[in-house]
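Hi there,

Here is the structure I promised to pass on to you. Please open it beside this email and follow along as you read.

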Amino acid sequence: MTAPTTTDRDLTEGPVTDDGGRPAARRFGVLVVAAAVVVGLLLGYAGGLLTPKLTRPGDASAEAGFARDMTSHHAQAVAMGLIAFQRGTDPEVVSIGGDIATGQQGEIGTMQTWLRSWGLDPSGSQPRMAWMPDGEDTVRDGLMPGMATPEELAKLRAAQGRELDVLFLELMIRHHIGGIHMIDGVLDVSDQPDVVRTARTMKNTQQTDLTNLRAALDRLKG
Amino acid sequence: MSISTPGGPERRPTVVTTGKKPAAGRPTPGAKAGDGKSTGAGPRPAAGGKGKGPRKPIAPVKVSQGRSWGPIALFVAVGVLAASIIGYGAWAAFQGSKPWEKRAAGIDGVVDYREKEPELVKGGNHQQGAVKYTVTPPVAGPHNAAWQNCMGDVYDAPIANEHAVHSLEHGTVWIAYRPDLPADQVTKLKSKVQGQEKMMLSPYEGLDKPISLQAWGYQLKVDNADDSRIDEFIKTLRVNASVEGPTALCSGGITATGTTPRDGNQMPTQ
């Protein structure tokens, strides 16, 4: 009884233990490879986490400056566009006003989403326009190129009829020229794909707007 | 069975007599079998023996495997070092972009009403007429349907709380100053506000400190316009503190001053 059992055991164990050394070595090798794979994956993961943090635009970057300052610039265009949309008399002024207000409000959302995805605040630490060469010199009382003064906005709010239409067109033409200047500024320095693509779209839109705004102004004045 | 039985005994002696080297693997199970005593349980441990087997046969294994320990140790050391360097870098990068709530809590002297009065800060129902606020200047709560225009507006006279609170809800930082604040300090505050949407400045009667900053749910009172916490408050909370997100409007609001809220047709005429 005991004999068969022991031999039986010997049998089952024989092959196992005999190869014991080699599987152990193999197992050990597998462990090393597994560990190497795990370490490699961890390094890759850490690198992957870190790389976008290091390569995405920083707090003082031109891209972040553009996103913040263009948001402010756009916000004023939205304000003026809504006035034209709500109280304009000329049908083209009404439609252009609505188009500019909704279009630029949408672009504000795009730019604010960049900032959030870059882990940045909507407010910067740099002075306005500091991201553009000689940009700070273009700021007057906190207003960036082309922006209407509080007095001009008060005048637009108070205006009626044809006067409002003409004033809106004049202010918006100047606003767009300033806006395109800023867009060119970021296109000169940035190769961030999202920023470049959106900036080009903005420029196209505003250049087309300018043609139509000028034609409308000529028509109303002529 | 019959074939293997002869083989068994043959091997066994070799194990015992030849000494440790070739037998190395074998005494282990033998010892285990002895430990286990019950032969019935024997076969099962044999399976378990696979796991334990490698431990005992150190002698032969050690010779062949010993060589690779050096490189392995080196590899592990380098790996751990690299992982910790990259890990530290990642950690540092994450620390650098702490959420604004944590940074706000770190501003010395800031009062967080989100924590103190969560009900007040939840959101704002529109309410006509005068609203009684427990915090002065108010930081949240019900407010007028019309917001105070907050396109970087600089008001030279007090404005209505009921409109101002609506502006806060839209993400504005409202800087209120005591009317006796020296003109040069008012000018400094003005430069922080002008041309910047989601900012507004107004005098405020009866402030207990010269300057009080409000964002939705947050307040900070300071003595001087040069206080660096003012910029910190603006950077951290402007737009961020809004419960309505970055596209809430600041234009099209009330541009008039006066502490009585304006109901009715003020908004439609822009």
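On the surface, A:V33, A:V37 and A:L41 make up a nonpolar patch whose accessible area together is about 290 Å². Patches are built from residues that have over 30% relative accessible area and no salt bridge, with nonpolar side chains (Val, Leu, Ile, Met, Phe, Trp, Tyr) joined within 5 Å and like charges within 9 Å. A salt bridge is a side-chain nitrogen of Lys or Arg within 4 Å of a carboxyl oxygen of Asp or Glu. Accessible areas come from the Shrake-Rupley method with a 1.4 Å probe, and for residues only the protein chains shown count as cover. A:L41 belongs to helix α2 (residues 21–55) of chain A; helices (H or I, at least four residues) and strands (E, at least two) are DSSP runs, numbered from the N terminus. With a relative accessible area of 59%, A:L41 is exposed. Buried means under 20% relative accessible area, exposed over 50%, and partly exposed in between (1.4 Å probe, protein chains only).

A word on how to read all this: the model is predicted, so local features need pLDDT of at least 70 and side-chain atom pairs count only at pLDDT 80 or more, while totals for chains, interfaces and linings use all residues. Residues are numbered from 1 along each chain as its sequence is written, chains are lettered from A and ligands numbered from 1 in the order in which they are written, and side-chain values use heavy atoms, leaving out hydrogens and water.

Now to the inside. Which residues have the most contacts inside the largest nonpolar core? They are B:I159, B:W174, B:M200 and B:W216, and the core has 26 residues. Two or more residues come from each of α3 (62–87) and α4 of chain A, and from each of α10 (161–169) and β3 (173–177) of chain B. A nonpolar core is a set of buried Ala, Val, Leu, Ile, Met, Phe, Trp, Tyr and Cys residues joined through side-chain atoms within 4.5 Å. In soluble globular proteins, nonpolar side chains tend to be buried together. Not counting residues up to four places away in sequence, B:W174 touches several residues, including B:P137, B:I159, B:M200 and B:Y204; contact means heavy atoms within 4.5 Å.

B:P137 has something else to show you: the peptide bond from B:T136 to B:P137 is cis, with omega near -15°. B:P137 sits in the loop between α9 (118–121) and β2 (151–154) of chain B. In chain A, A:M129 and A:D141 are both worth a look. Phi of A:M129 is near 65°, a positive value in a residue other than glycine, and A:D141 also has a positive phi, of about 50°. Most residues other than glycine have a negative phi, and most peptide bonds are trans. A:M129 lies in the loop between α4 and α5 (150–158) of chain A, and A:D141 is found in the loop between α4 and α5 too. Is each one buried or exposed? A:M129 is buried, at 0% relative accessible area, whereas A:D141 is exposed, at 58%.

Back in helix α4 (residues 91–117) of chain A you will find A:Q105. A:Q105 is buried, with a relative accessible area of 19%. The side chain of A:Q105 reaches across to chain B, where the backbone oxygen of B:T247 is at 2.6 Å.

Next come the charged pairs. How many salt bridges are there over all chains? The count comes to 19. One pairs A:K203 with A:D184, their closest N and O atoms being 2.7 Å apart. A:K203 is in helix α7 (residues 193–221) and A:D184 in helix α6 (residues 161–189), 19 residues apart. In chain B, B:D226 and B:K188 meet in a salt bridge at 3.0 Å, N to O. B:D226 lies in the loop between β6 (218–222) and α12 (229–237) and B:K188 in helix α11 (residues 183–193), so the pair ties together parts that are 38 residues apart in sequence. B:K188 is partly exposed, at 34% relative accessible area.

Finally, some totals for chain B: there are 12 helices and six strands, and 43% of the 270 residues count as buried.

Enjoy exploring!

Methods:
A polar contact is a pair of N or O atoms within 3.5 Å; within protein, one must be able to donate a hydrogen and the other to accept it, and residues adjacent in sequence count only if both atoms are side-chain atoms.
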